[in-house]
Amino acid sequence: MKHRTGVLRLPPCRQTTIQALAKPNDFRINAGGKMAGSTSVLFEPVGASPGPQRNGRESCPVSSLSLERLLRRLILFAAIAGLAGCKQDASSSRTLDIDPPQNESREAGIGSTEARASHTRMVETLQDLHKKNDEDNPYYGTKFIRTAQEGLSSNDRRANPQEYYKLRINLAQAHIDYGNLETGILQLDSVYRELLDLNASPQAQGTLLLSLGIASLRLAETENCCALHSPESCILPLAGEAIHTRREGSEAAVRYFTEAIRTPRGSKSLRHLAQWLLNLAYMTLGEYPDGVPDELRLSESLFRSELEFPRFPNVSEEKGVATDGLAGGAVADDFDGDGDFDLMVSSWQSGVPVRYFENRGPEGFDDRSEPSGASQISGGLNMVQADYDNDGDVDVLVLRGAWLGRTGKVPNSLLRNEGDGTFLDVTFAAGLGEDHYPTQTAAWLDYDLDGNLDLFVGNESWPGYPAPNQLFRNNGDGTFSEVGENAKVAAAPAQGVTKAVVCADLDNDRWPDIVVSVVDGPNLLYRNKGDGTFEERAEAAGIQKPISSFPAWIWDFDNDGNLDVFISSNNGRPQDYVHKSLGAGYPGELSGHYKGNGRGGFRNLAREHGLDMPMVNMGVNIGDLNNDGFLDMYLGTGAPEIFFLVPNLLFLNQSGTGFSDVTMASGLGHLQKGHAIAFADFDRDGDQDIFEQMGGAKRVDHYRDALYENPGFGNRWIGLKLVGTKSNRSAIGARIRVDFTENGKKRSVYRHVDSGGSFGANPLQQHIGLGAAARADLVEVTWPASEIKQVFRDLPADAAYLITEEASSPERLP
């Protein structure tokens, strides 16, 4: 493609070649070989685990603790090696200029001098953290190769051969983690050959074969999906340009997976995992289904949608936003006030700058990261936006430290929009930088209804390191005071780790409540009592499950006027697709698809609405893709572990009566790991597109972000940009009702203003589908702080309107 000045230019992916990979049938078994001290080896992980301890176990964002326990002994390699992505260009992580952007005109609230000092302090702090984190981070740090090499050099093979081979495998794992794929594969292959000669147990053989298959498939992806990338790459069902032309890696993976499945006495879970990956490997070669042996072929129904649905092409490279990186956050909103939606994107890898892309309409996006000052701020797993200081510009909070336990004590960043195309990090000046705890989730709300947005931050507590949740009250002058303990929301979960927080008035008493999703423990619901304090009511409300939960959101999925809650289970596994192919039911924990009764009570409809299936999602968001007035959902899937290679999922809302899985038809079934998601009408053609931040936790798991263009459904829409005067200017917490007549039938659609899901942020401007209706008969807005109710009639469809609190009429936006 041709790039304009200022548009992102992608670094070339690392090209690799596969060398000296022997076929399993070529391996020689020395029946007389003996291993000193033991004739059977079944390896277990040794050394540093990928992340802090959770309830006494190795911790990482997995979906099934029972699976984790089962595979810890069976899949040593899987616990560490990544499966997907591109090798990130080394220049993405660099020392940054610390001179903040200049804006002498602004002195309201925190003054420019104080703001610039805060910005400089943060840049220096992040640079210092990066020097240590780049080495010690348990997911992408450099020390694990060195540690494994040192351990191996000091080990006496004859004295402790089992420990010796564990260290050999650990070193191979570390290389693959870091992206040194050829080195890792050759080392692992060497270990496998030697252990065969020493009569290693069948379980150990099967584990190593599976590991070699996974590493070979990862190499195939690097050589094809990355080095020969096309918009179709890695999107299920693989076809066209997604088929690998460099075949050696996938062909080796097929051999290894087949041999692993046929290894005697292997566990059913291991065989099912290998079978799922085997079918994917055949698909990369263009040989699924016919080339797969009958007894190993999975049903073609796995790769079909329940109904017809148009395909959304991936246009991220064409539009200049195909940033390559690890897991991170994304916010879509109108940062420059020109009426279209821009993007801000982060990576959790320290030292990698925040990227800011300004929307230029049909031309795509301009990378304004450096002139805006955004690139001076680095790292961040998630981001949430709001006009926190009520000055008319959208600001952004960057969240850091998640999954790292005590080592995650790093500051978050509050990026204040200066209104001139630049951002300043005012975290320290605003009072948000005093105490640092690991987190990836936060929500803006006006909990005391004073017209100023407050901030709830859900921090992660780990064994031996309790971290309170924080509630920051907005002082109205650009600064915050922490009041969590007084408000009775500071206590960390009695069990588990906070992974999502979302806020809204769930019982229709005006006061915004707080839902906290907890992995490994019951969820929390803090009911706002209206006196500055909260009470925990999750058990009474019926939303304590799922126990293995992760992202969450609040919506009115059936348009009955009562807010509903979705708390997604992170309990699925790749093996569940084999169960599905065999016609077996989903054995994992259901998501919490909670229908609200308007009085603070909920009922889970996941099973009856067709959502009893593996999700394993991290990033999420919601939007009305077909403009029918009902909210659909897109889920980004994956985990650091190698065995989590599953498609991202799109569910179409069936008029509030259930959901249909349209993943395969839509072109959104990306196999790479999906994180932050944002729905927005980026091209201003009247329907919502989807931006997805891609990439995993480890260096080997880099991948290009995706932007899926909505092809259109022929329905009508209306856009509503709300601006508060007595209520917060962002209108967060405002309630919207839109009535219209479609084919002679009266309908109502309900929305509340927020940025959607807990991992990824939609614009605060609301996009509402009207079906076939040519106009909105009625638009009603209820403001949170003032309780003002505005009613406007007969607004023509296919237009966006500005509604200001207390105004007598809406203003049509250009």
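I began with Cys225, which counts as buried because its relative accessibility is 3%; buried means under 20% relative accessible area, exposed over 50%, and partly exposed in between (1.4 Å probe, protein chains only). I found Cys503 buried as well, at 11% relative accessibility.

I noted that this is a predicted model, in which local features need pLDDT of at least 70 and side-chain atom pairs count only at pLDDT 80 or more, while totals for chains, interfaces and linings use all residues. Residues are numbered from 1 along each chain as its sequence is written, and side-chain values use heavy atoms, with hydrogens and water left out.

Next I took helix α7, residues 248–262. Helices (H or I, at least four residues) and strands (E, at least two) are DSSP runs, numbered from the N terminus. The 15 residues of α7 reach 22 Å from first C-alpha to last, close to the expected 21 Å, which is 1.5 Å times one less than the number of residues. Among the buried residues of α7 I listed Val254, Tyr256, Phe257 and Ile261. The buried residues of α7 pack against α5 (181–197), α6 (202–226) and α8 (268–284), where contact means heavy atoms within 4.5 Å.

I then turned to strand β34 (residues 716–723), which is largely enclosed by the rest of the structure because 6 of its 8 residues are buried. I recorded antiparallel pairing with β37 (residues 766–771) over 5 bridges; two strands pair if DSSP finds at least two bridges between them. Gly719 has His767 of β37 as its bridge partner. With β40 (residues 799–804), β34 pairs in the parallel sense over 6 bridges, and Leu722 stands opposite Ile803.
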